[in-house]
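My entries follow in the order I made them.

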Amino acid sequence: MTRYALGRILAGIPVLWLVATVTFLLLRFLPGGPFDKERVLPPEIMRNLAHRYRLEGTLGEQYVDYLERLARGDLGPSYKYVGRDVADILRDSVPVSLELGAAAFALTVVGGIGLGLAAGARRDSRVDRAISLGSLVGVSAPSFVVGAGGILLFGLALRWLPAGLWEGPLYAVLPACTLAALPTAYATQLTRAQVAAVMDQDYVRTARALGVRESRVRRRHVLRNALLAVMTYFGPLLAILLTGSFVVERIFAVPGMGRFFVTAVTNRDYPLVLGVTLVYAALVVVANLAVDLLYAWLDPRIRVGRGEP
Amino acid sequence: MRGLALAALFAVACSRGASRAPARQLRINLETEPPTLDWNLATDGVSIVAIEQLMRGLTRLGPDLAPEPDLAEHWDVSPDGRTYTFHLRQGVNWSDGVPLVAQHFVDSWQRLLAPATAAEYAYFLFGVRGARAYNAGKLGDFGAVGVHAPDDRTLVVELDAPLVYFPALVNFMVTFPLRRDLVERFGDRWTEPGNLVTLGPFVLAEWRHEYRLVLTANEHYWAGRPPLDRITAYMVQEGSTALVLFEQGLLDLVRIPPLEIRRYAERPEYLRRPLLRGYYYGFNVRKPPFDDVRVRRAFALAIDRAQFPGLLRGGEVPAASWIPAGMPFANAELGLPFDPERARALLREAGVDPAQLAPVKIVYNSDQTNKLVAEKVQAFWRDGLGVRVEVENREWKVYLRELSTDPPAVFRLGWGADFPDPDNFLNLFTSYSENNHTGWANPDYDALVERAAREPDTAERQRLYDRAQRILCEEDVPMVPLFDTSANFAVSPRVHGFVPSAMDLFFFEKVSAE
Amino acid sequence: MSARGWVGAAVVTALVALALAGDRAAGYRFDAQDTAHALEAPSRAHWLGCDALGRDLLARLCEGGRVSLVVAVGATGLALLLGLSYGALSGWVGGRLDAVLMRGVDVVYALPDVLVTVLLIEILSAALSGLPDLWRRLAALALALGFSGFVGVARLVRALVLQAREEVWVEAARATGAPAARILVRQVLPNVAAPLFVSAAFRIPAAILSESTLSFIGLGIQPPFSSWGTLANDGFEAMRSFPHLIIFPCVAILCALLGFHLLGEGLRERLEARPSR
């Protein structure tokens, strides 16, 4: 198990390096420099700026310089935020996104599995039909639709929840629910399908026929297999929660890192783009590792030897 | 079920508590993170909101936008208009107790002009003798630049040529004094809370980047402690969300999004302020058909500016001349009116057949207002002149690149006053201005603008600017002014004394909140 | 196909019909301005009301639907094409090439897809500057979304190809020396087709979702043209005063996505119930 874990961690490093390189190259093809303003600047000033932000030299020189600084943990100064390092910017914003993401993740797991179980266990009942319909609508609603609805209903009409900002636990409710809406619906569908499939399997029917109690049947066989199936979704789920946050954070003014996925690119803030991409990639690698380990722990059948990914 | 009801009650209780507004505290929306609080480096309208509460300069602008003493108690001008001597006020201290001295201004201006600083606004002080050369790295010693502090309370500035508006110019943030010792000690982090030392009515207490900025009252402010204890400036980008927060009582001051203005028009919280900010369409006079002045005049005559207020509803003031209303030497009687008949006649005279003409392209940078204006102008030209018009938009940076390298046939731009003098607006279109994207050059116009900048006699100056505007807006028409913009605010009734200036600057010094 | 599947098919057909008709379905041109009716609520003259320039919202929605569908279908088509080639190659050839290609997939998965999409849109928009505005935007979006989405298809195809390769009749075909291309097309492709079809039915709504989200934040379709996302963004800015401007685009998006999901589910039930031969 430990060897497996170590192996997976090591495999992640070349991925990160490739990610950094690919993003670095993609960025160099972007049109426009980072210093266009409404007032055009005299050329001597433009030269000064190029020097300050290390935009001089060939592409190869810039790349080597970048890798060197990366190895020292220096993600460089931001182009748009004068005087601030990318590392500082991320240190402030990543925890917020992680908090928001964790809340949404919890909602998704608890909500998705709970609703999926309720629906799958009582197939074709009214409960099942209601939940199925709800989850269908849920996967069809973009986050800005859910967000707008949430603000109008809970913010303005009912005045229960603040429509934005991040001043306390109450402020996290609307953004987390908005972010979790689509994933919860999808997780519900996954769980329900899996539960229904498992309930149909021979060994469950046999167990039932042999008189083993209903609840134990459900708990042991159904839950575990359903969980295993849903866990394959956790990797993509993290990705969705992290990148989906850019719309939610914008609508609700939450100070996370989601917005940088977009603004750093449109601002041509190259160091910030690279920093954000690397953080994201690192999180994905870690998350995938965690899921794999969890999977291996839950299902002994796959612990020994790794074949095809 | 019961659990749900309890949770709901709890939520309601919490939210009620959260929206009770704290006394003597102001919560505003900055809309976005200020790129910097370093007043030598800042260039934008967001940073300036915070900087103006933290720092002051030699002069400030009065309600009539004339320069008034601030840190400079009074000033003298030499007879040739080239030397200004500012006498500093006594008893002004920085927030760490160090007294303000004239050398702090010299240090600040040196830093602004130093090549290594790479300040984008360095050219702001190019009127000072030697400043341009120093910034280009041609002068090694700042002593050769025309700004000196002969003693702690006197600042002497020597200009290349007499600039009538110089006292107004030094109200602008890039000329504020600076503590060089602190900048050297803290480097790029000198503007972080705990490091930053200022001398204005407020001090920086907290800066949670991309989220909120907190300013607290400066107990030792020379003009007296401000009534507010604390200002929290949030950074909410979505105008609608900010407005909802305002209505929930979580914010006290917000800008109203354009389409919501109608709903607020009659409400007591609404506050509108016309600004010294103009919006214009420019022609690239090198690209046919706009190389013919009659065609340019025709297209200008076909625009019905009176429709913009109803379309945008933001208090836009239709403007046919370029110096904005409210700025000294403005003249609303200048400029071309709406006359589609004359427009069509001019086109015929120029030998242009609208049906045969290639589609004219209007290019603008993406923005709700710009989009509406472009589509409106497209309709004017289509219906009034019979010309085919395409509308294209660009990302801001790509747009600017295009303007510098190959300006589109028709483009849009705005310009806000850095200091309240018409020179700031008219020198935009001189032949040597780097911001003149029309490609138009008229030596008579250049001469008029330069003479007017130095002209001390008000009546003569008015005459010169009128003549210049005639050339710009009626005769040669390289650009068409459309309207002057206004700022539209929603202000909570618990806030008193909020008076935004026409330069779109807020001063919270005299503001109080229950 | 189940009843739900048919409902989905009906919705999708209606959508396609509306998209083909475009603004003709509403009786107004999508860019016809009528300032007198600006921001009007739904009325007899304008069934869904008007926007800030007095343009009929129904016409804009139909035209927007056309745009959204074109982008979504284009993106899905590209993703399928790329994914099919990539996955088939990787699965069929196997060995070192497979390992390298799958490492590539790992890297792509580790990139934030939003960021990559935005980057690609910016690069492609600049590269395609010769085209007229709308086409340039449509192409950039479709290409960017297609490139961002092909890895999922590639993985799926690869797994299916691997599976098919083990089948007895495929082994037999290889043993008799038949060219790989013929085997792939004759034996493997039929196995792959059905799941791909189902995948497409789910990718299209995902592409609509992505495109409308991007347009919502201002990076997708540019004015004066519209997609549902830009219409929703216009509505969001004015949602307190003029709710009709946001309600109708959101309903349109919901219906479209629902329709495709229902159709996809119906297809999946139908096609995957068959034996894998």
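I looked up helix α6 of chain A, residues 143-157; helices here are DSSP runs (H or I, at least four residues) numbered from the N terminus. α6(A) has 15 residues and reaches 20 Å from its first C-alpha to its last, close to the expected 21 Å, where the expected span is 1.5 Å times one less than the number of residues.

The model is predicted, so I note that local features need pLDDT of at least 70, side-chain atom pairs count only at pLDDT 80 or more, and totals for chains, interfaces and linings use all residues. Residues are numbered from 1 along each chain as its sequence is written, and chains are lettered from A and ligands numbered from 1 in the order written.

I listed buried residues in α6(A), among them A:Phe144, A:Val145, A:Val146 and A:Ile151 (buried: 20 or more other C-beta atoms within 10 Å of the residue's own, C-beta atoms being placed from the backbone). After α6(A) comes A:Arg159, with a positive phi near 55°.

Next I took α9 (residues 293-301) and α11 (residues 340-349), both of chain B. Their axes, lines fitted to C-alpha atoms over the stretch in contact, come within 8 Å and cross at roughly 160°. α9(B) and α11(B) are therefore roughly antiparallel (angles over 145 degrees between N-to-C directions, on a scale from 0 to 180). Residues in this contact include B:Val295 and B:Leu301 of α9(B) and B:Leu346 of α11(B) (contact: C-beta atoms, placed from the backbone, within 7 Å).

Last, I checked chain C against chain B: 16 residues from chain C and 19 from chain B take part.

Definitions and conventions: Two residues are in contact if their C-beta atoms, placed from the backbone, lie within 7 Å. Helices (H or I, at least four residues) and strands (E, at least two) are DSSP runs, numbered from the N terminus. Angles under 35 degrees count as roughly parallel, over 145 as roughly antiparallel, 65 to 115 as roughly perpendicular and the rest as oblique. A residue is buried if 20 or more other C-beta atoms lie within 10 Å of its own, exposed if 12 or fewer, and partly exposed in between; C-beta atoms are placed from the backbone.
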